[in-house]
Amino acid sequence: MMQLPPYTTSVSEESFAGKTMRVRVPDILQTVFDKNDFDEATIKRLKQLDTSIPFKKIEHFEFFNEEDERYWTPILDQYKDNTWLELPFYVAEALFYRKILEATNWYENKKDPYEKHKSESVEKSHFLIEKTLSFTNSILKEEYAAHQLEELLLIDLWGNQADLCLFHDGNTPNNNEDEAKEKLIANDSASFLKIIDKGCKRVDFIIDNTGTELIGDICLAIYMLEKKKVDNIIFHVKEAPIFVSDTLVKDVYLQLEEIEKSHPDYKHLAKIFRDKIDSGAVKLIPDLFWSTALAFNELPTHIKESLQNSDLIISKGDANYRRFLQDREWDFSTPLSEVIYFFDKPVLLLRTLKSEVLAGTKTENIDKAKAVDSEWLVNGKFGVIQLHNFQ
């Protein structure tokens, strides 16, 4: 059996993971306080969570239902003696957001504690959203062109910068058109185009952030469907809110409403997507698994069996990337075929780099990034388009 590298942890104060658990996580929790009007009981539970991070062990855990218990029990049993810093980094982050849901009684009231964050980020991203809508509208009027699909793919990738875990105010690093390709550490877009040009019956998106990124997802889906390159598209979205800006079903509809209200010149694009949902060409499928601490080598049977019917899975964002890599300390040059050894379908990984986990990259590309930016691995200014093409 292959010897797997260790998990990323937050033990080191100098690592990005260490700084996240000591600084960014408390900041995010404070923002949750600031943007919600909680009752005294909720405030008390959130303060207890605040005081437990990062040096205490996992405290009392209340399960939402049997499914929630099934997903979380193995994690709690395995790491019950670990402090937050000793936990694998992704486990610690996912557990933090899960404890917020517990403290705010989300399962009973279904109130998204990040709703205000999300709406504010959309307001601040008005220009970027309009730019994406305008481009999509223009290319829909023309014959299909692979280079236009590639440009839309790049737009969708860089929309991943708008992550409220990293950029609380919704502002993101600038990437002009020239930088869009220059700042790719890996670029398998040509392989993606070959798959799409053959025609796909079904493409699955594992969705990440709402707002600017979700607009990119929607526009990419519209273009592939309208140009008859794909028959059906599934958006796999979170059932429970996590990682501040992650997408729920309601966020998709709120985004469509935002297009209709704030971008009236392009409201027909929202109608196209609504019609695709109504016809069944697009499906929005929520699942609690996406909001857990489990890596993708632990996909539940019902999701794994569903994905077997897909011609291509498009994985969006940093957290999904980390889950495909099990959040382990792989050598950056390790081939994806060795890293995603457990998955036998083509996966396109679209991700801007916001953590220290990476694989499937060339040494010379890493050296170029290091030469221009010491924080290249974590600041969201660099990205990857990587295809795990299982053969």
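A residue is called buried here when its relative accessible area is under 20%, and exposed when that value is over 50%. Keep both cut-offs in mind. The model on your screen is predicted.

**Stop 1: helix α10**

Select residues 189-198, which form helix α10. Colour S189, F192, L193, I195 and I196, for these residues of α10 are buried. Now look down the helix axis. The buried residues of α10 fall within an arc of 160°, so they line one face of the helix. Next, pick K194 and K198. These two are exposed, on the other side of α10. Then step just past the helix to G199. Here the backbone takes a positive phi of about 90°.

**Stop 2: helix α12**

Select residues 249-262 for helix α12, which has 14 residues. Its first and last C-alpha atoms lie 20 Å apart, close to the 20 Å expected at 1.5 Å a residue. Which residues of α12 are buried? Highlight D251, V252, Q255, L256, E258 and I259. Turn the view to look along the axis once more. The buried residues of α12 fall within an arc of 155°, so they line one face of this helix.

What do these buried residues pack against? Show four helices: α6 (115-124), α7 (126-140), α11 (212-226) and α13 (267-279).

**Stop 3: L29 in helix α1**

Go to helix α1, residues 16-34, and click on L29. Is L29 buried or exposed? Its relative accessibility is 1%, and the cut-off for buried is under 20%, so L29 counts as buried. Now show what L29 touches, leaving aside its neighbours within four places in sequence. The contacts are L46, L49, D50, F96 and I100.

**Stop 4**

Select R45, E62, K99, E102 and A103. Of the 15 residues that line the second largest pocket, these lie nearest its centre. Which elements give two or more residues to this lining? They are α2 (40-52), α4 (89-103) and α5 (106-109). Colour the lining by residue type. Six of its residues are nonpolar, three are polar and six are charged. The space in this pocket comes to about 310 Å³.

Technical notes. Residues numbered from 1 in each chain as written. Predicted model: local features only at pLDDT ≥ 70, side-chain atom pairs only at ≥ 80, totals over all residues. Heavy atoms only, no water. 1 Å grid on protein atoms, 1.4 Å probe; cavity = no way out; pocket = protein on both sides within 12 Å on 5 of 7 lines; lining within 4 Å. Points joined across faces, edges and corners; volume = space filled by probe spheres on them. Nonpolar A, V, L, I, M, F, W, Y, C, P; charged D, E, K, R; others polar. Expected span 1.5 Å × (residues − 1). Buried < 20%, exposed > 50% of the residue type's maximum accessible area, 1.4 Å probe, protein only. Arc of directions from axis to C-beta. Contact = heavy atoms within 4.5 Å.
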